[in-house]
Amino acid sequence: MIKKWWHDKVAYQIYPKSFYDSNGDGIGDIPGIISKLDYLRDLGVDILWLSPCYRSPLADQGYDISDYYSIDPRFGTMADMERLIAEAKKRDMYILMDLVVNHCSDEHEWFRKACEDPDGKYGRFFYLRDKKEGELPTNWRSYFGGTVWEDLPGTDKQYLHVFHKKQPDLNWENPELREEVYKNINWWLDKGLGGFRIDAIINIKKALPFRSYPTDRDDGLCSIDAMLEEASGIGAFLSELRDRTFKKYDAFSVGEVFHEKPGELPDFIGDNGYFSSMFDFNEAIFGHSEKGWYDASPITPDDYKNCCFAAQEKTGKIGFLSNIIENHDGPRGVSRYIPESDCCDRSKKMLAALNFMLRGIPFIYQGQELGMENLPFSSIDEVDDISSRDEYQVALHAGLSEAEALRAVAAHSRDNARTPMQWSGQANAGFTDGTPWLKVNPNYTSINAAAQIGDEDSVYAFYKKLIALRKNPVYRETVVYGTLEPIWRERHNLMAYYRKGERTLLVVGNFQKDTQEITLPAPYKKVLLNNDKNIVEHDETITLQGYQVLILEM
């Protein structure tokens, strides 16, 4: 493996709208991020990924971009962004922006020009089809519900949108469109960005020619996944994207990749892969149901373990995964992977260690280092997220009561991760002096950064220790480049694995509230991390307390 500058880094995702508000308008902004750089540096993170802060109508919270060359005034100015890049560099930190190029906003200049002249240059930037009365070009269902086809204003045509109707898909088959995308990426890299997180990238390649597929719900539509599974040839687009942009700058790129085909992993993240890394979503998508969120299966500790190990085994030494517990597109990880009755500081630390010590690049989502939890919802009217609102209607249509539908949505809603960052126990969690754009989780008085920073037993302190261990020169080579070997894999509610390199480390977590005994295959040399004050041991037998996690040097 060719060693790269990003292999030993720790990344942190910022959702700008909810991170820190510097001007009291209730919306987080770039100056707010700048003011918290020392907090992030002290935690130990190196790479900051910012969810979209480009100019946008915010139909999908910034993932609908109306100008790729502008910062949305809600978040600040281009001068603010340039200052953020410069201030991060002073602290040896790198800024990633979100690259959203499967679609743009219907308020983008390209789309407006396509409406004016659908048969002209900009009409070819999108997927347009002639409108036929009572008939759709295909029966694909949008990710946010309903058909993917919408009337093109002022014309007799329809346009494709696999996400929101205000997010028309860009036609990557058109080389003129691709040139505009590369031009913009390089413009940003010239400003000093460290790279990009690439959004929904598998969607850029459609199965041609367009056709319908068997319906999978009584709405007469089918999941967009049916088309994506049939699509082929995305490598031509992605290799061109890599060579024309990221590769020239030695930039870090991490792909949001679903539906890669068997055997394609080396193409994506090998030594000359399309991307530097890609996210492991095995755990996040476990239990998914085509019927909707209401029908999703819960994930057990054994499921979580097997998902992690399956991803690690598939990847091997091919490249580096980016490992996540949560992100902006789902619920809080501690609320998803830990039973509600057992969700506490100890179990949160256990989950952190089991994930963080996996081979790959750890990504922390804002507030994860504090153990932030899901938001309690009392009404669907409190929900902002468009996908959650759609899934609520899907659940009602399936016969669930309003209370049942709300519970189903609450468990999966993206609003859970998008609530304002909990900086302190003061009003609005110290996020804003104004009225926050989204409800603050009421538990901010007990879960917040100010309370945890000085507490050596806090979740924050534990994350700091995990990061320090990864960067410790004695263990760095093993933690970053060492192999991962599962042990006691068949043990119920126990997740354990070796990291083997220059040294041998054993990571073991008791994923339940009851004690469990393990017999070590050999004596250990040193305890590197323990979320309990003690180790109960007799000879080589250790009694793990409920949700205890140990990192041992063997």
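Colleague: How many bridges join S20 to strand S23, and which way do they run?
Modeller: Keep in mind that this is a predicted model. Four bridges join S20 to S23, residues 549-553, and the two strands run antiparallel. Within that pairing, Leu529 stands opposite Ile551 in S23.

Colleague: What is the strand order in the open sheet?
Modeller: The order is S16-S17-S18-S23-S20, five strands with antiparallel pairing.

Colleague: Which are the edge strands?
Modeller: S16 (483-486) and S20 (526-530) are the edge strands, and each of them pairs on one side only. From one strand to the next, the twist averages 20°.

Colleague: In which sense do S2 and S5 pair?
Modeller: In the parallel sense: S2, residues 47-50, and S5 are paired over four bridges. There, Ile47 stands opposite Tyr94 in S5.

Colleague: And over how many bridges do S5 and strand S10 pair?
Modeller: Four bridges, with S5 and S10 (residues 195-198) in the parallel sense. Leu99 stands opposite Ile198 of S10 in this pairing.

Colleague: Now rings. How many aromatic pairs does the structure hold?
Modeller: The count is 39 aromatic pairs. Take Phe309 and Tyr497: their ring centres are 6.0 Å apart and their planes are at 90°, so this pair is edge-to-face. The two residues come from distant parts of the chain, 188 residues apart, with Phe309 in helix H11 (residues 301-315) and Tyr497 in strand S17 (residues 494-500).

Colleague: Is Phe309 buried or exposed?
Modeller: Phe309 counts as buried because its relative accessibility is 0%, and the cut-off for buried is under 20%. Tyr497 is buried too, with a relative accessible area of 0%. S17, which holds Tyr497, also sits between S16 and S18 in the order of the open sheet.

Colleague: Which residues do ring pairs link into a cluster?
Modeller: The cluster consists of Tyr54, Tyr68, Tyr69, Trp110, Tyr122, Phe125, Trp187 and Trp188, linked by ring pairs.

Colleague: What lies over the face of Tyr481?
Modeller: Lys3, at 4.4 Å from the ring centre.

Colleague: And over Phe320?
Modeller: Arg359 lies over the face of that ring, with a distance of 4.7 Å from the ring centre.

Colleague: Helices next. At what angle do H13 and H18 pack?
Modeller: About 20°, with the axes of H13 (residues 345-356) and H18 (residues 459-471) 10 Å apart. At that angle H13 is roughly parallel to H18, because the cut-off for roughly parallel is under 35 degrees.

Colleague: Is the crossing left-handed or right-handed?
Modeller: H13 passes H18 in a right-handed crossing.

Colleague: Within what distance do the axes of H6 and H8 come?
Modeller: Within 9 Å, and the axes of H6 (residues 175-190) and H8 (residues 234-249) cross at roughly 20°. H6 and H8 are therefore roughly parallel to each other.

Colleague: What is the hand of that one?
Modeller: Right-handed, with H6 passing H8.

Technical notes:
Residues are numbered from 1 along each chain as its sequence is written. This is a predicted model: local features need pLDDT of at least 70, side-chain atom pairs count only at pLDDT 80 or more; totals for chains, interfaces and linings use all residues. Side-chain values use heavy atoms; hydrogens and water are left out. Two strands pair if DSSP finds at least two bridges between them. Rings of Phe, Tyr and Trp (its six-membered ring) pair if their centres lie within 6.5 Å; planes under 30 degrees apart count as stacked, over 60 as edge-to-face and the rest as tilted. Buried means under 20% relative accessible area, exposed over 50%, partly exposed in between (1.4 Å probe, protein chains only). A charge sits over a ring if NZ of Lys or CZ of Arg is within 6 Å of the ring centre and within 35 degrees of the ring normal. Axes are lines fitted to C-alpha atoms, for helices over the stretch in contact, and angles run from 0 to 180 degrees between N-to-C directions. Angles under 35 degrees count as roughly parallel, over 145 as roughly antiparallel, 65 to 115 as roughly perpendicular and the rest as oblique. A crossing is left-handed if the near helix is turned anticlockwise from the far one by less than a right angle, and right-handed if clockwise.
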